[in-house]
Amino acid sequence: MEMTSTSYHIPKPFLNSSCYTSVGVSTICISRFPVVVGNRSPRNRKISKVVKAVAAASTGRGRGAAAVNGSSRNEQELQLSSKLSTSALDQLDIERGVCIPFRKYSPETVRRKVLESQGSTLSLIGRGVEIVWKLGFYWTRLVYDYLVGRDEEVVPFRARQLRNLLCDLGPSFIKAGQVLANRPDIIREDYMNELCILQDDVPSFPNQVAFNIIEEELGQPLESVFSKISSETIAAASLGQVYRATLRDSGEDVAIKVQRPEIEPIIYRDLFLFRTLASFLNGISLQKLGCNAELIVDEFGEKLLEELDYTLEARNIEDFLENFKGDPTVKIPRAYRQLSGSRVLVMEWIDGIRCTDPQAIKDAGIDVNGFLTVGVSAALRQLLEFGLFHGDPHPGNIFAMRDGRIAYVDFGNVAQLSQQNKQILIDAVVHAVNEDYAEMANDFTRLGFLASGTDVSPIIPALEAIWQNSAGKGLADFNFRSVTGKFNQLVYQYPIRIPERFSLVIRSLLTQEGICFTLKPDFKFLEVAYPYVAKRLLTDPNPALRERLVQVLFKDGLFQWKRLENLIVLAKENVTKMSSAFQGNNTEIARGIQVQRKLDLTDTIKDGARLFLIDEGIRRQLLLALTEDSKLHVEELVDVYRLVEDEIDIPSVALEVVRDLPSAARDFMLSWSASVLSDK
């Protein structure tokens, strides 16, 4: 069922107000900016209920409001002072277009947890000295290299040293290195490439320690729950590691993810030190990136603490299951909530083929082209449709199922885009198609890459050069990595900051394009992505997307017949390739998978007929398009019909249009009466 987004808009005088109410985080969010309370993401639907409940409490209705708001003036004043110091987090929320009613991370929470712990002062001093000494020693060597003129020639060696140094400094710094590996606005490309190794190669901790943590979380011995468990880790990461086991009761194979021991106090302590250091670097960061350094630390800290709580990862899995429940091409493992906790997560075991083994995929009878289309479409659905996407889709987290489906694992690193951000991304695609580079530059500001008020005029020619050079040769030569490389150069020339969620978007697309190159060396990203976008524009009944479709089909007031034909051809190509992933597969599961075999344009034609009837501007433009240059454009209309005649059932479409006529006639009368009243 199609879900539309709803926003609670506050009158403009309140949007820039610095005054706060005394109810806490949620009400402060509500009182300062619009709150997106609905889209396809189950996460947003859950948050909306919480936001509405707290909003009701904040009005003071009933005795329950006092309990929610706090019982003493002192507590209210404490909340007020703590919120006034989190302007960076407020900026993040405004950028994202969503409100987080109960956040796990805040600078005050980190500060309180660190300073309230026993021996905190000595621990902070000791850790601070260790960090300053090791990083300072590394920095002096970089300065020395620069002074003697060998800074470029020793880059590979120094990059390797940095990776080893981050491993020595512990999980917080390993995670920071993983983040820096996707931040071209902060670190140069050769260092980024070296830090990418941290995403796959992290030392594990002893099995017995891991097994003790599992037993503590389960509250019972391992052997009472699992009949067997692997003696070696299946994978190790910065925050935890994974084992394979078999459930004693059901015989099902599961994956057990275990958090590193005593990691939480270390993370909180390091975050406190990171933010303290960031407060001294705000001036440099504002000059180079257009934002303060505390904002970057807050983005990092927020994601890190979310990953630290495995109950949140279990909820991420449930959200992905909900999003893809009607999609027969995607497999999401289920979580065993009754066996999981904040430090242990038990999930369904995925028995798939690694996406870096093209021969095994072919041997399984999977059509590679079809599988690539399935994978890219699933990634774009997460990004542009759900707004909830996998932030770490490296080869160890994506598998090809033997029936042709794509499977995802490891949902600790998940990012969310608001309905507004999704629409701006689609706007950017439309602006790219229309070669409207001025609007593309404005899209960067709206997405948070540029500070509000930044003069975008110098950036417009650079964007035009990048896009025309990359896409001007056609889809066959487009390479997402090359475009990203050129954009990285642009980042160094202008005050561009890549928000954390979009650094994950870039990383996600780059990683998946790399996997596609492994399976098919001549893979072309846009040859798969454009058909998906075309199908989405043509078939999605979302009013916002209908509006974007109109923008694509009309340029300078003229209807683009050729563009409509191209959209239909590309959309049909997407449907054909998706279905081909399962046609040659004879496994029992594959035979039971029902995928779309035809391009369904019924709703699009029905909405087009309604729009033609009630929108005078569109009606005039379409009539002009049919009679442009003083000739009747019947041939173009026939060409379009021939493209779709095999895809649509004319009697069924006509019946749908007739059924919709009373509603369309009502809308027409309302539109006509409104125009008459406005004229008077």
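This briefing walks through the aromatic contacts and a nonpolar surface patch of the structure above. Please keep in mind that the model is predicted. The structure holds ten aromatic pairs, and a nonpolar surface patch covers about 720 Å².

**Nonpolar surface patch**

- Val 148 is found in the loop that runs between helix 8 (120-147) and helix 9 (155-169).
- Val 148 counts as partly exposed because its relative accessibility is 45%, a value between the 20% and 50% cut-offs.

- A pair of aromatic rings is described by the distance of the centres and the angle of the planes.
- For Trp 133 and Phe 137, the ring centres lie 6.2 Å apart and the planes meet at 10°, so this pair is stacked; the cut-off for stacking is under 30 degrees.
- Trp 133 and Phe 137 are four residues apart in helix 8, so about one helical turn separates them.
- Trp 133 has a relative accessible area of 64% and is therefore exposed, whereas Phe 137, with 44%, is partly exposed.

**Other aromatic features**

- One aromatic cluster is formed by four phenylalanines: Phe 320, Phe 324, Phe 386 and Phe 411.
- Tyr 268 has a charged neighbour over its ring: the charged end of Lys 113 sits there, 5.3 Å from the ring centre.

Notes: Residues are numbered from 1 along each chain as its sequence is written. This is a predicted model: local features need pLDDT of at least 70, side-chain atom pairs count only at pLDDT 80 or more; totals for chains, interfaces and linings use all residues. Side-chain values use heavy atoms; hydrogens and water are left out. Patches are made of residues with over 30% relative accessible area and no salt bridge: like charges are joined within 9 Å, nonpolar side chains (Val, Leu, Ile, Met, Phe, Trp, Tyr) within 5 Å. Accessible areas come from the Shrake-Rupley method with a 1.4 Å probe; for residues, only the protein chains shown count as cover. A salt bridge is a side-chain nitrogen of Lys or Arg within 4 Å of a carboxyl oxygen of Asp or Glu. Helices (H or I, at least four residues) and strands (E, at least two) are DSSP runs, numbered from the N terminus. Buried means under 20% relative accessible area, exposed over 50%, partly exposed in between (1.4 Å probe, protein chains only). Rings of Phe, Tyr and Trp (its six-membered ring) pair if their centres lie within 6.5 Å; planes under 30 degrees apart count as stacked, over 60 as edge-to-face and the rest as tilted. A charge sits over a ring if NZ of Lys or CZ of Arg is within 6 Å of the ring centre and within 35 degrees of the ring normal.
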